[in-house]
Number of protein chains: 2
Amino acid sequence: MKRWMPALTVTAVVLLLVPGCRRDASPDAAPPGAAVTSTDPLPSWNAGTTRTAIVDFVNAVTTNGSPEFVLPPERIAVFDNDGTLWAEQPMYFQEFFLLDRVRALAQSHPEWTTKEPYRSALAGDMKRLAASGEKGIAELMAVTHTGMTIDEFASTVRAWMYTARHPISKRPYTEMVYQPMLELLAYLRANGFKTFIVSGGGSEFMRPWVEKVYGIPPEQVVGSRGKLKYEVKDGKPALMKLPEIDLVDDGPGKPVGIAQVIGRRPIAAFGNSDGDFQMLEYTSGGPGRRLALIVHHTDADREWAYDRGSHIGKLERGLDEAGTRGWILADMKRDWKTIYPPK
Amino acid sequence: MKRWMPALTVTAVVLLLVPGCRRDASPDAAPPGAAVTSTDPLPSWNAGTTRTAIVDFVNAVTTNGSPEFVLPPERIAVFDNDGTLWAEQPMYFQEFFLLDRVRALAQSHPEWTTKEPYRSALAGDMKRLAASGEKGIAELMAVTHTGMTIDEFASTVRAWMYTARHPISKRPYTEMVYQPMLELLAYLRANGFKTFIVSGGGSEFMRPWVEKVYGIPPEQVVGSRGKLKYEVKDGKPALMKLPEIDLVDDGPGKPVGIAQVIGRRPIAAFGNSDGDFQMLEYTSGGPGRRLALIVHHTDADREWAYDRGSHIGKLERGLDEAGTRGWILADMKRDWKTIYPPK
């Protein structure tokens, strides 16, 4: 059986740290932008080989007369989201959203207190929830992510983003984006690049907030998606979210999503886990100068340190092959001056 | 059974006018652009209610302080392709491409001369080809549109576009685009709109040439699509085109394609047939000022005249309901000074 959402693994759910998760109401919590005030376009990147590799690449493909010059329309850059543009520990943020939705919806579903997998989710009994397996997870996904219109879902996501806080950092999730990556996005755009998100997360989960947070418009978001059905109810046309998978935009699904939605091969790709391997491979496999970069989570003090053994964002093949493939490993601890935007 | 490509109906194939179809080699035939030389942004549109409706709409949504002002990122305009941006008679141009491909491929398939549906296609026996039904058509689609990488397919389309000529007009297909619509695309873009194609035709059939011809980049093309498979052959990553439908971007499939790829509701939509009905309905069903326009083919002298009874681009419901829904009917004969770009 295909998983309903690749991100939502049973292991991940087991690791849910729900207790102590505050829910402050602060509707005007302004998400951070990439405020570049100095003339240095990448102030949060330390000098070193990683930064140099990025700048050299951009110069090579944008300098008129350079043998590696690339015309602006072909300057397509793709970014994974979870673990590349924002954090992903202790579990994918979309999973926090899912569990918060189960709790919110439970108010009109009293029967859930005695019915699996809801009972376990609500009681915080993660062992039991894991026992419900993929079928249970799929049921939770269906209940929280389908059966409504895409507009209703977008409103729900937007409202959650304003009020929800990460259980460990206590920050809004949209403030757990990486400042160096915001600068990189802005730097590439200033050099004629079109920046896209290509994520295993749901496209409808990302679109409501990425424009404000990353400067990436909804039409430049490629994500996992469910099937949709066009309906006209009471004279109002709408798109209903159905509980059937349409694309799992992860692993080999990423080049597929890129080809379907973008329709040309990127010249730069940024990821952090083996779920990004094929996207990096596809990008760097084209002719001409290419940039493939892996954000390596090495900073247990300021963020998290994980790679090979991680239950989330596992990085093994990428770590083994980056060197021979000419992919850049960005070491968060070494290469990044700061992690999150200033409060 | 779902049709392999909605465009490719058996009726259409029956109407194929193959004899006399020249194939001149002219690799440098430059496709036309929207050369607007006067200060009038719509020189090929006659004065009248249609032109006024377009200009009024653009002024209303782009004038600062207007109660109907729309921020630039939300200025999404979607255009059907066949019959809206270029001609579609006597059959969809992608169908001419298909039959030309069967002929080209037949050189390495001597067995096709005695095997259906190839034999009929090659012999121009359209009655027999029709008898092969949807299964036969699906087989021709599979042979001509799948089993190769998307890059190989794009090269084939590009080469065909340079050399193929329309059997009646004798023009390259890319010169059978509508000059008034090229001006409209440029006019909207000059006013901060992002223009998209949303077509029943294949996205991979359109992407190789629409940027040059319409100024619409590949990533702003939503079309019907087959499934893709990521493969690495001899170290080279590629996407293989599979003979399975992924999206039929026609009728109710158009709002689905819009939601999947664009991720926001357009404020302006342009179509010509009932296959565009739901796209126009979805677009005009949103809040605020909207524009929905149907190109009505009324000009048998300069182009073709067809609507209710047509085997291609049937327009019936749209014609019946345009008035009550406030949709604009652009009458080609009355509203357009010219049809095609000057040679």
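Buried means under 20% relative accessible area, exposed over 50% and partly exposed in between, with a 1.4 Å probe and protein chains only. By that rule B:Glu219, at 5% relative accessibility, counts as buried. The views below come from a predicted model, in which local features need pLDDT of at least 70 and side-chain atom pairs count only at pLDDT 80 or more, while totals for chains, interfaces and linings use all residues. Residues are numbered from 1 along each chain as its sequence is written, chains are lettered from A and ligands numbered from 1 in the order in which they are written, and side-chain values use heavy atoms, with hydrogens and water left out.

**View 1. Chain B superposed on chain A.** A rotation of 180° with 0.0 Å of shift along its axis brings chain B onto chain A, at RMSD 0.0 Å. The two copies are thus related as by a two-fold rotation axis. B:Val261 has the C-alpha of chain B nearest the axis, 3.0 Å from it. The superposition is by least squares on the C-alpha atoms of residues with pLDDT of at least 70 in both copies.

**View 2. The surface between the chains.** Contact (heavy atoms within 4.5 Å) takes 33 residues from chain B and 33 residues from chain A. The copies meet through the same surface, because 100% of the interface residues of chain B are also interface residues in chain A. Together the chains bury about 3000 Å², 51% of it on carbon and sulfur atoms. In chain B, the most area is lost to chain A by B:Glu219, B:Tyr230 and B:Gln260, together 22% of what that side buries. Buried area here is the accessible area (1.4 Å probe) that two parts lose on being put together, summed over both.

**View 3. Salt bridges across the interface.** A salt bridge is a side-chain nitrogen of Lys or Arg within 4 Å of a carboxyl oxygen of Asp or Glu. Between chain B and chain A the count is 10 salt bridges. One of them pairs B:Arg264 with A:Glu211, the closest N and O atoms being 3.1 Å apart. Helix H10 of chain B gives the most to the side that touches chain A, with six residues; helices (H or I, at least four residues) and strands (E, at least two) are DSSP runs, numbered from the N terminus.

**View 4. A:Arg264 and B:Glu219.** The side chains of A:Arg264 and B:Glu219 meet in a salt bridge, 3.0 Å from N to O. A:Arg264 lies in the loop between helix H10 (253–262) and strand E5 (268–271) of chain A and B:Glu219 in the loop between H9 and E3 of chain B, so the pair joins two chains. A:Arg264, at 8% relative accessibility, also counts as buried.

**View 5. B:Arg225 and A:Asp246.** This salt bridge spans 3.8 Å, N to O. Because B:Arg225 lies in strand E3 of chain B and A:Asp246 in strand E4 of chain A, the pair joins two chains. Both B:Arg225 and A:Asp246 are buried. A network of salt bridges links A:Arg225, A:Lys227, A:Asp246, B:Arg225, B:Lys227 and B:Asp246.

**View 6. A salt bridge inside chain A.** Over all chains the count comes to 46 salt bridges. In one of them, A:Lys241 and A:Glu204 have their closest N and O atoms 2.5 Å apart. The pair links distant parts of the chain, with A:Lys241 in strand E4 (residues 236–247) and A:Glu204 in helix H9 (residues 203–214), 37 residues apart. Both A:Lys241 and A:Glu204 are buried.
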